Amino acid sequence: MIRLSTGRPRRIALLAAHCDDIAIGAGGSLLTLCGANPGVRVDALVLTGGGTPREDEEHAALAAFCTGADLRVTVGKLPDGRLPAHWEEAKAAVEELRSRTDPELIFAPNTLDAHQDHRGLAELVPQVFRDHLALGYEIVKWDGDLGRPTVYQPLADEIAEEKVRLLHAHYPSQRERPWYDREAFLGLARIRGIECKSRYAEAFHGTKLTLDLAGG
């Protein structure tokens, strides 16, 4: 297992098709990063859920996951489950985010995700953020699309537990879903932890990575 460090990024961007996607896919990493990097600027864009109770859930949840950060959250009003038919509006929203931030690190969906909204957004990210480190998070669901990620963020036990607590505290609209439970979230984190010689971890799909072997 090779360990590389991104340093402590001062600007990150979070992209999601739906409220709760970011917290499920990268909540532990956000707790880790923001806890070690007070004042980091976090720009979050969620394409659906605006004007509904889910928007309130998302604002409260991301504030909890990004404690101490300079957080700006935008929740759009595109239709859930129909993002491929609203490609122009989705791309415009991502471009607007790009116009106001130049992140050192991006968390977004991954292109292997079976959900059409997630996958569509994942395909937009490299079109707009063309020279950025983007990590594609995974979301456990009935589609059975979990693959073989290549990037891991180990999670301390208390971070993994806090992630699960915050997910249940801040997204009451999702609690009745059959896959939305402690066993699912910690179970996947445990499997990803095994894969990177840790107890718990979150895993991501990397796209392009440029090396600087001369250390310049």
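**Notebook: cysteines and positive phi values**

I looked for disulfides (pairs of cysteine sulfur atoms within 2.5 Å) and found zero in the structure. Cys19 is in no disulfide, and the nearest cysteine sulfur, that of Cys66, is 14 Å away.

I noted that this is a predicted model, in which local features need pLDDT of at least 70, side-chain atom pairs count only at pLDDT 80 or more, and totals for chains, interfaces and linings use all residues. Residues are numbered from 1 along each chain as its sequence is written, and side-chain values use heavy atoms, with hydrogens and water left out.

Cys19 is buried, at 1% relative accessibility.

I turned to Cys196. Its sulfur is too far for a bond, because the closest cysteine sulfur, in Cys34, is 20 Å from it. Cys196 also counts as buried, with a relative accessibility of 2%.

Next I looked up positive phi values in residues other than glycine. Asp20 is not a glycine, yet its phi is positive, at about 90°. I located Asp20 in the loop between β1 (11-16) and α1 (21-36); helices (H or I, at least four residues) and strands (E, at least two) are DSSP runs, numbered from the N terminus. Asp20 is buried, at 5% relative accessible area.

Lys197, likewise a residue other than glycine, has a positive phi near 60°. I found Lys197 in the loop between α6 (182-195) and β7 (200-206). Lys197 is exposed, with 73% relative accessibility.

Terms used: Buried means under 20% relative accessible area, exposed over 50%, partly exposed in between (1.4 Å probe, protein chains only).
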